[in-house]
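This report goes through selected local features of one protein chain. The sequence and the coordinates are shown first.

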Amino acid sequence: MPVRIGRHEIGDGLPVYVIAEIGLNHNGDVELAKRLIDVAAAAGAQAVKFQKRTPELATPEHMKDVPRETPWGTMSYLEYRHRVEFGRDEYLEVARHADLAGLDWFASPWDEPSVDFLDELDVVAYKVASASVTDLPLLRRIAATGRPVILSTGMSTLAEIDEAVVTLRRAGAGDLVIMHATSSYPMPPEEANLRTIDTLRGRYEGVPIGYSGHERGLQISIAAVALGAVAVERHITLDRTMWGSDHSASLEPQGLEHLVRDIRILEQAMGDGVKRVFPGELAPKAKLRRVLVQ
């Protein structure tokens, strides 16, 4: 069954829903975030996605005091997390910019207060990050909002995904989309395991299955669409050499533009599976076929 997120329906036979994952690639800079939104809109994506954390809760205890070299000097990992986190005013600004660009916007909450924060901003959906698949209290809080949920499945077993899906449904989640993912950054091709798309489709009947990729290049994401992915998510950046943990596994503006272009071409090329003689074949047929069937 199709799922509605924001302005779009997601499902078999519908245009692939392309999500440009900004994540933390804005490096705490609202103007950079707006430029990335513009990149997504110009490329023809349908949505942009961010990440929302309450740093004291979402940062593992053993990481909080670890020194981190940053463009703003050496600071603790917890201080760095605060430095790149957007607050309400920043999110209102990027939300306005995304809306004016014609894009849906939403985020992955990494803790329960972040769910409430995003709910107050009226996000069109929640994205469950792969790291949060086993955080059942977080899933229940997300489900309680009744909004659509996009569930990533990286670093997860089928049993863990089953439990996450059951938890979301029992807690009253709205529509659900499941994304096949492998949480390697960047992901080597041999870890893509794209046939899992079909495994998930068979296991969660009626749930749209998409693909969230962290590979270099476009080939694997295009292949995911050919294998039936109805949504594709990729990180984006202005420049893969920029400072930050996700830039190197992200698409630059031209890469995102080419990804959307190639997905739309592939959608046309997939056809309906009915073998027929197309109009463009008639002239070659008349010219080249020696024996014609009456």
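Predicted model: local features only at pLDDT ≥ 70, side-chain atom pairs only at ≥ 80, totals over all residues.

Ser130 sits in the loop that runs between strand 8 (126-128) and helix 6 (136-144). Its relative accessible area is 11%, and because the cut-off for buried is under 20%, Ser130 counts as buried. The side chain of Ser130 reaches the backbone nitrogen of Gly154 at 2.8 Å. Gly154 is also among the residues in contact with Ser130 once neighbours within four places in sequence are left aside; the others are Ser152, Thr153, Met155, Ser156, Ala181 and Ser183.

His26 belongs to the loop between strand 3 (17-23) and helix 1 (30-43). With a relative accessible area of 1%, His26 is buried. Its side chain reaches the backbone oxygen of Gly23 at 3.3 Å. Not counting residues up to four places away in sequence, His26 touches Leu32, Ala33 and Leu36, together with Phe50, Val84 and Phe86.

**Helix 5 against helix 6**

Helix 5 (residues 112-120) packs with helix 6 at an angle of about 15°, and the two axes are 9 Å apart. Angles under 35 degrees count as roughly parallel, so helix 5 and helix 6 are roughly parallel to each other. Their crossing is right-handed. Helix 5 contributes Glu112, Val115 and Asp116 to the contact, and helix 6 contributes Pro137, Leu138, Arg141 and Ile142. By class, the residues of this contact are four nonpolar and three charged, with no polar ones.

**Backbone features**

Two residues other than glycine have positive phi values: Asn27 and Asp122. Asn27 is found in the loop between strand 3 and helix 1, where His26 also lies. Asp122 is placed in the loop between helix 5 and strand 8. Asn27 is buried, whereas Asp122 counts as exposed.

| Residue | Phi | Relative accessible area |
|---|---|---|
| Asn27 | near 55° | 13% |
| Asp122 | near 60° | 53% |

Which kind of peptide bond joins Tyr185 and Pro186? The bond is cis, with omega about -10°. Pro186 lies in the loop between strand 10 (176-181) and helix 8 (196-203). Ala181, given above as a contact of Ser130, falls within the range of strand 10.

Methods: Residues numbered from 1 in each chain as written. Heavy atoms only, no water. Helix = DSSP H or I, 4+ residues; strand = E, 2+ residues; numbered from the N terminus. Buried < 20%, exposed > 50% of the residue type's maximum accessible area, 1.4 Å probe, protein only. Polar contact = N/O pair within 3.5 Å; in protein donor to acceptor, adjacent residues only side chain to side chain. Contact = heavy atoms within 4.5 Å. Axes fitted to C-alpha atoms, helices over the stretch in contact; angles between N-to-C directions. Parallel < 35°, antiparallel > 145°, perpendicular 65-115°, else oblique. Left-handed = near helix turned anticlockwise from the far one by under 90°. Nonpolar A, V, L, I, M, F, W, Y, C, P; charged D, E, K, R; others polar.
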